[in-house]
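Welcome! Here is a short tour of a few spots in the structure shown below.

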Amino acid sequence: MTDPFQLFDTWLVEARAHEPNDPTAMALATADAAGKPSVRMVLLRGHDANGFVFYTNRHSRKAGDMAGNPHVALLFHWKSLRRQIRIEGPITLATDAESDAYFATRSRDSQLGAWASDQSQPLDSRATFEARFAEMEQRFMGQPVPRPPHWGGYRVTPERIEFWQDREHRLHERRVFIREGSGWREALLYP
Ligand SMILES: Cc1cc2nc3c(=O)[nH]c(=O)nc-3n(C[C@H](O)[C@H](O)[C@H](O)COP(=O)(O)O)c2cc1C
């Protein structure tokens, strides 16, 4: 029996070495309160035995979905390795301290962009965004840019993790870990 978090770490190290770009990119699937799904890419910014963390704008469409329905799915696809990892579970909000700490590591442009952008809300033009960005540059001139209150992290606590490895003759290897209490039950599936 392998710990799925250890196996995840091993695969991520291999992905960092092989994938030409964005090895931490993952698809995030949400569904709204009526059950309608939507999916988009985000970047994994932290992970440990408590879960998988990404950051976004809490006024965004995905944030609205997660407010109405906390159940999400994540998908990593590492084409160069012919592997995918599927993760499913509910989200919780990262703490303010955790979001502040991560926000502080971002470039100043990204920090100002987080203030200037109203993600998923239509803007009348690119020029409006640029004007807002310039406004934020002025507002925070000569001082650190604080985290906007509408920007922060989400942690996915996995209930199920599947590791999929392409094998010959389409006999793909599928190792599925299902959370049971404080541990995991493992099952091996084939296509
Ligand atoms: C490779 C890649 C990584 C991305 N990473 C993030 C991210 O970490 N956080 C984020 O809010 N958006 C990220 N985006 C943009 C999202 O895919 C999406 O366009 C945006 O968050 C709005 O989604 P929503 O309208 O469904 O909320 C990324 C896009 C790509 C292609």
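## Getting oriented

Helices (H or I, at least four residues) and strands (E, at least two) are DSSP runs, numbered from the N terminus. This is a predicted model, in which local features need pLDDT of at least 70 and side-chain atom pairs count only at pLDDT 80 or more, while totals for chains, interfaces and linings use all residues. Residues are numbered from 1 along each chain as its sequence is written, and side-chain values use heavy atoms, with hydrogens and water left out.

## Helix H1

Let's start with H1, which covers residues 4-18 and has 15 residues. From its first C-alpha to its last, H1 reaches 21 Å, close to the 21 Å expected at 1.5 Å a residue (the expected span is 1.5 Å times one less than the number of residues).

Pro4, Phe5, Leu7, Phe8, Trp11, Leu12 and Ala15 are the buried residues of H1. Seen down the axis, these buried residues fall within an arc of 150°, so they line one face of the helix (the arc is that of the directions from the helix axis to the C-beta atoms). Gln6, Val13, Arg16 and Ala17 are exposed on the other side of H1. Here, buried means under 20% relative accessible area, exposed over 50%, and partly exposed in between (1.4 Å probe, protein chains only).

Glu162 sits in strand S8 (residues 160-165) and counts as buried, at 1% relative accessibility. Leaving aside neighbours within four places in sequence, Glu162 is in contact (heavy atoms within 4.5 Å) with residues including Gln84, Arg86 and Arg174.

Glu137 belongs to helix H5 (residues 126-139) and is partly exposed, with a relative accessible area of 38%.
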